[in-house]
Amino acid sequence: MRFYFKFLWLLGIFLIFYFLDIKGSSSYISDRVKNALMSAKNSLLDNIQAYFFQAQNIKEFQKERLILEALKLENADLKERLNSIYPLENPKMTYTPTFMTSFISLEDTRSVSLNPITNLEENKIYGLVSHNQAIGIAVLEKGRLNGFLNAHKRCAYSVMIGQNQVLGFIGTNFKQELIVDFIVPSAEINIGDQVLTSGLDGIFGAGVFVGEVSSIEDHYTYKSAVLKNAFLSEAKLLRHVFLSGVKN
């Protein structure tokens, strides 16, 4: 019986936070209060998941820890081999966690408000990453951290395609599909090629997965490639995201 009342109490708090989130525009409550509510909501969800799925989460965390350790070793090895060829003049790209607080507009699910963190520069473009996938960009504008997801008209960053690392820029077409634009017409690209961030624009580090080529379009002076398996808008991936390039 005690467990039943505890569950109802947690469910009631969750529903309050949920409906506040639905109405969570800047005109409904202040950004500071909204961010505090979202932090509490995320903490509550984490506690509920930990309570009901503790054994499963432990197993998943152990698996992720092993993967992380392997990646650390691979990164250390890669850094050493790169240093033997040429010195790394630019610091390693850093990724800092934050979370979505609301959509900027309920009519546009590809622009979101994010919880601002410290050390952000006004009008600088940051990369958005979730689950090891590039999902868009973020810009601090008048003290508010706005995110523009893939296929939004303001979202653009440099990518490379396939084994030949053909360069292009992320954009969108009239069908609101995610595309790689301005590919040189002589470039060799194929359907199924992976598209990764190039790291040349300073927004993302190199090698973050974006999507895969599903079709190729030839234009008069350039090619473009339509992508599949690319992030457009999925609520579970927006709960926790990472900003690239934040200074410590």
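Two aromatic pairs were found in a search of the whole structure, a pair being rings of Phe, Tyr and Trp (its six-membered ring) with centres within 6.5 Å. In one of them, the ring centres of phenylalanine 182 and tyrosine 222 lie 5.3 Å apart with planes at 45 degrees, so the pair is tilted; planes under 30 degrees apart count as stacked and over 60 as edge-to-face. Phenylalanine 182 belongs to strand E9 (residues 178–183) and tyrosine 222 to the loop between strands E11 (209–218) and E12 (223–228), 40 residues apart. Strands are DSSP runs of at least two residues, numbered from the N terminus. Phenylalanine 182 is exposed at 53% relative accessibility, whereas tyrosine 222 is partly exposed at 23% (buried, under 20%; exposed, over 50%; partly exposed, in between; 1.4 Å probe, protein chains only).

The model is predicted: local features require pLDDT of at least 70 and side-chain atom pairs pLDDT 80 or more, while totals for chains, interfaces and linings use all residues. Residues are numbered from 1 along each chain as its sequence is written, and side-chain values use heavy atoms, without hydrogens and water. Mean pLDDT (the predictor's confidence in each residue, from 0 to 100) is 79, and 65% of the residues score at least 70.

The largest nonpolar core comprises 25 residues, with Tyr157, Val180 and Val210 having the most contacts inside it; such a core is a set of buried Ala, Val, Leu, Ile, Met, Phe, Trp, Tyr and Cys residues joined through side-chain atoms within 4.5 Å. Strands E9, E11 and E12 are among the elements giving two or more residues to this core. A separate core of 16 residues includes Leu120, Leu140, Leu149 and Leu238.

Definitions and conventions. Helix = DSSP H or I, 4+ residues; strand = E, 2+ residues; numbered from the N terminus.
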